[in-house]
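Hello,

The structure we spoke about is below. Please look it over alongside the notes that come after.

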Amino acid sequence: MNYDQIFDQAIDRLHSEGRYRVFIDILRNKGAYPNARCFAGHNGPKPITVWCSNDYLAMGQHPKVVEAMEEALHDVGAGSGGTRNIGGNTHYHVDLERELADLHGKERALLFTSGYVSNDTTLSTLGKLLPGCVIFSDELNHASMIAGIRNSGCEKRVWRHNDLAHLEELLAAEDENTPKLIAFESVYSMDGDVAPIHAICDLADKYNALTYIDEVHAVGMYGPRGGGISERDKAADRITIIEGTLGKAFGVMGGYIAADEKIVDCIRSYAPGFIFTTSLSPVLVAGVLASVRHLKGSSTERDAQQAAAATLKTMFRNAGLPVMDSTTHIVPLMVGDPVKAKKISDILLAEYGVYVQPINFPTVPRGTERLRFTPGPAHDEAMMRDLTKALVEIWDRLEMRLAA
């Protein structure tokens, strides 16, 4: 058995398909987002503009967040000291869980080390706790949700994206006494569209199903206090479990769920992914706590970000660039070819100092490869005009068609 050959072939396949991933080597400039320094392929750091960060509101740069983290570091030190059960249950964790439960109007919240872990751990544990459970999953659900459903050992039914008739057809086919869980996202981050939450909840009520919503690309971004699409649409009270991240709009790191006390207690008590892992550093938790509290009372960042996204979509559309329909802050630009998507990204970085990562399979289906832009409050119109001109030039250089 030639193990090296197997690994070489695996990497070669990615190269041949144009989807070998290259991670950029950068440092952000504190207080000057979206400006950063790129170290890849240069004698010294090259100034670049970041267009694809999930730190949507630049809260990772916010003075309140940085100050809270510095204060916590000097107050309690760097690490948490262990799992929540042993030594890692700090007062910061307790305070943040209370804030997150309040944000979503739920009785309790529970912190995890990432949004991926919160999805995987919660869904897999729920499936094991509910005897004979069938999980109904939107076909565009995130990989972490798919992993959690697979790890639950439950039967699953995949429904066509946002297709309520198909979801109802699948629900109606199950025995009425079978435990059911409908799992979906609020904002689908690659297309930028939104789930019909109330209509899904209507079906859940009709067929006695629990509901699980992933709000990772919406928390902090939507609703008067940043509670997500479920808050904006006044649907949070209809959702059984709300899952979110602390590493996107809140700008730091971590994941969480919010639900009623019994459900959170069950996940806390049964989930290996929670029980057996070191808890988030209190330094990180302190930063998130400051971010959540700030965004509960401030819509300035949200409003500026939405305005920036709307402006960039308009500029792309007016220039004939193939911007996809999106009702949210996500601005996806369709390419449809993995090699070209990587080539455009490379040219933007090397020649224009613009960083946007190509999105290829398996993140999106083959043939729908794209560039995904996430303009933030600090991306001004001059930056957007320069970006649009650069893209038009590259489209022409690569002999790609622009809309008339």
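The notes below go from the overall fold to single residues.

This is a predicted model, in which local features need pLDDT of at least 70, side-chain atom pairs count only at pLDDT 80 or more, and totals for chains, interfaces and linings use all residues. Residues are numbered from 1 along each chain as its sequence is written, and side-chain values use heavy atoms, with hydrogens and water left out.

Overall, the protein has 14 helices and 16 strands, taken as DSSP runs numbered from the N terminus (helices H or I, at least four residues; strands E, at least two). Its C-alpha atoms fill a box of roughly 60 × 55 × 55 Å along the principal axes. Of the 404 residues, 53% are buried (buried is under 20% relative accessible area, exposed over 50%, partly exposed in between; 1.4 Å probe, protein chains only).

Tyr-33 to Pro-34 has omega near 15 degrees, and Pro-34 sits in the loop between strand 1 (26–28) and strand 2 (35–38). Phe-361 to Pro-362 has omega of about 10 degrees, with Pro-362 in the loop between strand 15 (358–359) and strand 16 (370–373).

Positive phi values turn up in non-glycine residues too. Ala-58 has phi near 60 degrees and lies in the loop between strand 3 (46–50) and helix 2; Ala-58 is buried because its relative accessible area is 15%. Asn-208, with phi near 55 degrees, is in the loop between helix 7 (197–206) and strand 10 (210–214), and counts as exposed at 60% relative accessibility.

Regards
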